[in-house]
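Here are some friendly notes to read alongside the model. They take up helix packing, then the pocket.

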Amino acid sequence: MSVSRILKWVTGGMEAILAIPILGATIVIGFLWVPLAIMLALHIVTLVLTKKDEGSTTGSILGIVTSCIAWIPFVGMIMHTLTAIFLMLDAAKSDREVRVNGFDVN
């Protein structure tokens, strides 16, 4: 399992926690929006490693957008949910499947 795939699972799980209505808002507001900055950094790292591995970058790009606009109450909750779904779907794909679809077969 590649590092980018592991990071997709980790960031997807963290996004899922932030998507829970009361809990996510309490975490973000309680820590003065620092979790959004941490998630932004993690999504950027995940994006760079995913590009290096030639994997799907959709979830990471959506995560970067989410981290930038998640301070808006209901928009943030919806974006965290969508990001978690996309990241976990990307992470669920096997490394072999990503390489075959990316034409790097060997």
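1. A crossing is called left-handed if the near helix is turned anticlockwise from the far one by less than a right angle, and right-handed if clockwise. By that rule, H4 and H5 cross in a left-handed way. Helices here are DSSP runs (H or I, at least four residues), numbered from the N terminus.

2. A word on the source: this is a predicted model, where local features need pLDDT of at least 70, side-chain atom pairs count only at pLDDT 80 or more, and totals for chains, interfaces and linings use all residues. Residues are numbered from 1 along each chain as its sequence is written, and side-chain values use heavy atoms, with hydrogens and water left out.

3. Let's stay with helix H4 (residues 58-69) and helix H5 (residues 73-92), which pack at about 160 degrees with axes 8 Å apart. That angle makes H4 roughly antiparallel to H5 (over 145 degrees; under 35 is roughly parallel, 65 to 115 roughly perpendicular and the rest oblique). Axes are lines fitted to C-alpha atoms, for helices over the stretch in contact, and angles run from 0 to 180 degrees between N-to-C directions. The contact of H4 with H5 counts 8 nonpolar, 7 polar and 1 charged residues. Ala, Val, Leu, Ile, Met, Phe, Trp, Tyr, Cys and Pro count as nonpolar, Asp, Glu, Lys and Arg as charged, and the others, Gly among them, as polar.

4. H5 also meets H1: their axes come within 8 Å and cross at roughly 155 degrees, which makes H1 roughly antiparallel to H5. This crossing, too, is left-handed. On the H1 side the contact includes Arg 5, Lys 8, Trp 9 and Glu 15, and on the H5 side His 80, Leu 87 and Asp 90. The contact of H1 with H5 divides into 10 nonpolar, 6 polar and 4 charged residues.

5. On to helix H3 (residues 34-52), whose axis comes within 8 Å of that of H4, crossing at roughly 160 degrees. H3 and H4 are therefore roughly antiparallel to each other, and H3 passes H4 in a left-handed crossing. Residues of the contact include Leu 36, Met 39 and Leu 47 of H3, with Ile 61, Ile 64 and Cys 68 of H4. By class, the contact of H3 with H4 has 8 nonpolar, 6 polar and no charged residues.

6. Finally, helix H1 (3-19), helix H2 (21-30) and H5 each give at least two residues to the lining of the largest pocket. That lining has 14 nonpolar, 3 polar and no charged residues.

Conventions
Contact means heavy atoms within 4.5 Å.
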